[in-house]
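Please open the model in the viewer and keep the selection tool at hand.

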Amino acid sequence: MQETTTINNFKSEEYFINMGPQHPATHGVLRLLLTIDGEIIKKVEPDLGYIHRSIEKMCERDSYQQIVHLTDRMDYLSSHINNEAVCLTVEKALELEVPDRVKVIRTIIGELTRIASHCLWWGVMGMDVGALTTYFYGFRDREMINDIFEETCGARLTMNYNVPGGLMWDIHPNFVNRVKKFIVHFKTKIPEFDRLLTENIIFQKRTKGVGVLSKEDAISFGASGPVARASGYSCDVRKYHPYSALDKVTFTEALQTQGDTFARYVVRIQELWESLSIVEQLIDNIPEGEHRVATNAVIKLPKGEYYQKVETARGELGVYVVSTGTKNPYRLKFRSPGFSNLSLLNHIAVGGKIGDLVATMATLDLVIPDIDR
Amino acid sequence: MPETAAQITEMIIIAIIYLGIFSVAGLFLVFMERRVAAWFQLRIGPNRVGYQGLLQTMADALKLVSKELTGTVKADKFLYNLAPYFVIISSLMALGLIPFSKSFQAFDINIGIFFLIAVSSIGVIGILLGGWASNNKYSLIGAMRSGVQTISYELSVGLSLLTMVLLTGSLQLSEMVEVQKHGWLILQGHIPAVIAFMVFMIAGTAETNRAPFDMVEAESELGAGFHTEYSGMKFAYFFLAEFINMFIIAAIATTVFFGAWLSPFGITESLPWLGIIWFLIKTFALVFLMMWFRWTFPRLRVDQLLTLEWKYLLPINLVNIVVMALIVWQKLTIQF
Amino acid sequence: MTNAALKELIGSWFPNPEVPVDDKPEKGISEVQEPQEPQPSSLLEFTEEGSEFLNIIVPATHLHALMLKLKTHPDTHFNYLFCLTGMDWEPALGVVYHLESTEHRHMVVVKVKTEDRDNPNFDSVSDIWRTAEFHEREVYDFFGIKFNNHPNLKRLFLTDEWDGFPLRKDYVDDINMVIK
């Protein structure tokens, strides 16, 4: 710590600064211990646990239906996909085949969740680099999706729409129409996003060449989602381990090779288009059928270990269930994308300025309850 | 009453009138900014207190006055309390020179422009003091950034105004306006004047620490920068000073480039009292321009900020002065 | 690679020293042993029971060597550690590593366990996969398993003063835990 550097007879000393747990750029209760030399970051050490609720321990005493509810509270911006992950694991263990209708609806809502999450991220990204107006533009479109969700499942954020064996209710009669309206609306809005922020020269100067992550490091750090794909590491779970109706749609995985903050930004904008196209392919072809298959009131998984990966808006979420054949899991582990993505922050932020750190952190798109679980 | 006493009394009365007018004007600017921001951001903005929310910022000011003053225990109390006054006084002082109309100008001294630049750069001392005395690392970083930024951009502000002084041949503001009766300076000096105007607006925005140059506050990086530890009325001083400074920059630009209270092509020359209206219209148009910057641009990084000044604006400015000198020498100015 | 091929390849890296290697003739040992359970030919134990992946159970002493080999061997090339889970199998404590190769797209699960509940420790794999640094800190935090050669082994989520390791099955906390 007391390392002193001397440049042209000027002594400079490094000092500590606390970023968080209450800081606008950490988006929640993340605390970063920064070691700084003037404005230059020397070390970033995350201090976690401010919102740890020990969901994994709670899961050990809960039934599988109850566990689904807890996953909403992890990555609250992709709550539907989290729910889906647990339901898929349970269905895989029970060897339960859910109806096609369920699969398609799950995928549509999952992709809408991704769009909503990326809209919020886009707004916050702009805010972090100082353009406050983007926040409201992002929220405008996210609000439309949330309204659609509210109509179908009664909740806007922690949706809880999935249950093991299907969906809690069938979709609202307006659902298809409203989603179609949204697709038309949003297609005109993504170019607006580009005009406001992507093409701005200051924004490009702020983000290009900042926080560069190489492909090898991305894999070694276990990065996933847009963070990894911006480094040219093709890792989309939807491509490699397709689940629900994702094997029925065609989409190209958003990939960039520069690995810098701007590449991560561009990947997410491309994902908005991809998700929109997935929804568009499925929305007209929702098969008729049951929205749920009956399961036992008390679900007991056969003895064994089950692992299910899904792609949330932030990356790869893994659910690892160890069952001994009782109604509770013996051990349940969530492999959360944010946790691994956070671990590489120190690696890519060192050497940059405070402003770079904020921009880099914005493109990691951290959701703290997802990391703290 | 002896003559000196009468003069002093006159000054005090004028000062009080100015203080009254501009505190209210500052609050109105805050209100305007909020409505403009809302307009940019698909919102309505404050519209409940008073007609269309006009009294909203009054209510906010009342709230701030009645708030408890908090501060850090280990702060340097004397400097901590002194800092906001430096900032607010320096910005109020500059107002005295602005020629709102032919008869509405408190001081018309012969070094007018020079005085304006000098006074408006005192404010940075307040910011540095505030950041240092708060005993908070974020405040200190903010204050240091402010020091670097103001010292750098002061050059561009000064040089771009100097370019225009070449045209007028006087630093006195009333004389500068007089010269513009033959066409606003931005027309008289045509190309170099337009360049000088653009440089002035960029540097002026930077000097008032407003986005995209708000490195000093940079809420997503430093919390609130130098005024993190200030609350209540002391915070309000910093806040108000920012808006008055914005007004001053716009007012200087109006005076130097757009003919102050002169109407375009002299269309209302017979009605001199309209001068103040013209002045305010021009100034608020420029204020709106600065708000437009703020609500559309992202923030620069601190090293990019310095690169912009030292590698681009300053060389452009120096060349521009030479060009302007040549134009004046060869009498290539446009005059009506 | 298929699970069977993986099993054969990985098994050959750690031959069991107690099992005589077939192609060398035994010399001088004339006494005929009682027919015992057939000794496994490898130090590693393989199972696919109750899991979709190939499970490898490795003795703690060989953990780091195996992991390094799994990552660097061109045929396995498990360069992506996507999940690292602490486990309490009453009474054994252990760690489960989920590995995937981004090149070959095959997956494998490595398990390691110890009976020592007071001072469990394994070799850290954070020098092989950087992501393990945080995941091992999490395991240390909740299970009290120490990792040798870890660059920064301290509590991640809980405070340094926290008593006990919450995700162990024998952890008791009357105030914070609701037991049904």
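Predicted model: local features only at pLDDT ≥ 70, side-chain atom pairs only at ≥ 80, totals over all residues.

Residues are numbered from 1 along each chain as its sequence is written, chains are lettered from A and ligands numbered from 1 in the order in which they are written, and side-chain values use heavy atoms, with hydrogens and water left out.

**Domains of chain B**

Select residues 1-66 of chain B as domain 1 and residues 69-329 as domain 2; these bounds come from an automatic or database domain assignment. Their C-alpha centres lie 19 Å apart. Next, display the contacts (heavy atoms within 4.5 Å): 21 residues of domain 1 of chain B meet 27 residues of domain 2 of chain B.

**Salt bridges**

The interface of these two domains holds 2 salt bridges, a term for a side-chain nitrogen of Lys or Arg within 4 Å of a carboxyl oxygen of Asp or Glu. Select Arg294(B) and Glu33(B), which form a salt bridge with their closest N and O atoms 3.0 Å apart.

**Thr198(A)**

Now move to Thr198(A), found in helix α6 (residues 175-198) of chain A; helices are DSSP runs of H or I, at least four residues, numbered from the N terminus. Is Thr198(A) buried or exposed? Thr198(A) counts as buried because its relative accessibility is 11%, the limits being under 20% relative accessible area for buried, over 50% for exposed and partly exposed in between (1.4 Å probe, protein chains only). Finally, show its contacts, leaving aside neighbours within four places in sequence: Phe193(A), Phe203(A), Gln204(A), Phe262(A) and Tyr265(A).

How values were computed: Helix = DSSP H or I, 4+ residues; strand = E, 2+ residues; numbered from the N terminus.
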